Amino acid sequence: MKKLTIYTDGACSGNPGKGGWAAILIVGDNKKNLSGAEYKTTNNRMELTAVIQSLQSLDDYNDFEIEINTDSKYVKDGIEIWINKWKENGWKTANKKEVKNQDLWKNLDNIIQGKKIKWNWVKGHSNNELNNEVDKLARESIL
């Protein structure tokens with residue numbers, strides 16, 4: 001099985017404010033950068049958008065073992081821990097409030113169905129070269 005490694009990040013100038021997202025996709029020796037921006041958004045929306053856009057950019061990744069690296073505990077914990085409870089509770093939090101960014105969470109949940117994905121949290125602004133690179137791309141993408 002082929003391995004796809006993805007690094008994602010989101011950034012915002014103001015929260016809410018202008019935002020940017022970026023992803024680095026690596027298969028073997030091939031590396032591809034993706035990025036985009038929104039005028040009025042939040043950092044968490046950009047973090048989720050980076051993951052969604054990176055997965056949607058692939059024509060067919062059913063044959064890949066995917067490793068997603070994010071410095072967002074919101075993304076990692078949301079997809080690994082919270083999402084199943086949100087769905088059981090009709091997209092409400094434990095406090096009975098609407099889940100924020102529900103549109104993006106639902107989209108991500110649909111995209112990953114049946115895929116083999118390992119989620120890794122990496123410390124932001126540390127010595128991880130690819131995380132620092134994707135952070136720079138996300139910040140440079142802010143409109």
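Colleague: Leaving aside its neighbours within four places in sequence, which residues is Asp-135 in contact with?

Modeller: Bearing in mind that this is a predicted model, Asp-135 is in contact with Asp-9 and His-125 once its neighbours within four places in sequence are left aside.

Colleague: Where is Asp-135 found, and is it buried or exposed?

Modeller: Asp-135 is found in helix α4, which covers residues 129-141, and it counts as buried because its relative accessible area is 8%, where the cut-off for buried is under 20%.

Colleague: What about the phi of His-125?

Modeller: His-125 has a positive phi of about 55°, although it is not a glycine. As background, most residues other than glycine have a negative phi.

Colleague: Which other residue has a positive phi although it is not a glycine?

Modeller: Lys-96 does, with a phi of about 65°. Lys-96 sits in the loop between α2 and α3, and at 64% relative accessibility this residue counts as exposed.

Colleague: While we are on the backbone, which residues does a cis peptide bond join?

Modeller: A cis peptide bond joins Asn-15 and Pro-16, with omega at about 15°, and Pro-16 is found in the loop between β1 and β2. In general, most peptide bonds are trans.

Colleague: Let's change topic to the inside. How many residues are in the largest nonpolar core, and which have the most contacts inside it?

Modeller: The largest nonpolar core has 29 residues, and those with the most contacts inside it are Leu-55, Ile-66, Ile-68, Trp-105, Leu-108 and Trp-119. At least two residues of this core come from each of β1 (2-14), β2 (17-27), α1 (43-56), β4 (64-70), α2 (73-88), α3 (102-112) and β5 (117-121).

Colleague: Which element gives the largest share of this core?

Modeller: The largest share comes from α1, which supplies six residues. As a general point, nonpolar side chains in soluble globular proteins tend to be buried together.

Colleague: Can we zoom in on Leu-108: what is it in contact with, beyond its neighbours within four places in sequence?

Modeller: Leaving those neighbours aside, Leu-108 is in contact with Leu-48, Val-51, Ile-52, Leu-55, Ile-79 and Trp-119. There is also a second, separate core of seven residues, which includes Tyr-7, Ala-11, Ala-22 and Ile-26.

Colleague: Last one: where is Asp-60, and how far is its C-alpha atom from that of Leu-143?

Modeller: Asp-60 is found in the loop between α1 and β4, and it counts as partly exposed at 43% relative accessibility. The C-alpha atoms of Asp-60 and Leu-143 are separated by 30 Å, with the two residues 83 residues apart along the chain.

Conventions. Residues numbered from 1 in each chain as written. Predicted model: local features only at pLDDT ≥ 70, side-chain atom pairs only at ≥ 80, totals over all residues. Heavy atoms only, no water. Core = buried A, V, L, I, M, F, W, Y, C linked by side-chain atoms within 4.5 Å. Buried < 20%, exposed > 50% of the residue type's maximum accessible area, 1.4 Å probe, protein only. Helix = DSSP H or I, 4+ residues; strand = E, 2+ residues; numbered from the N terminus. Contact = heavy atoms within 4.5 Å.
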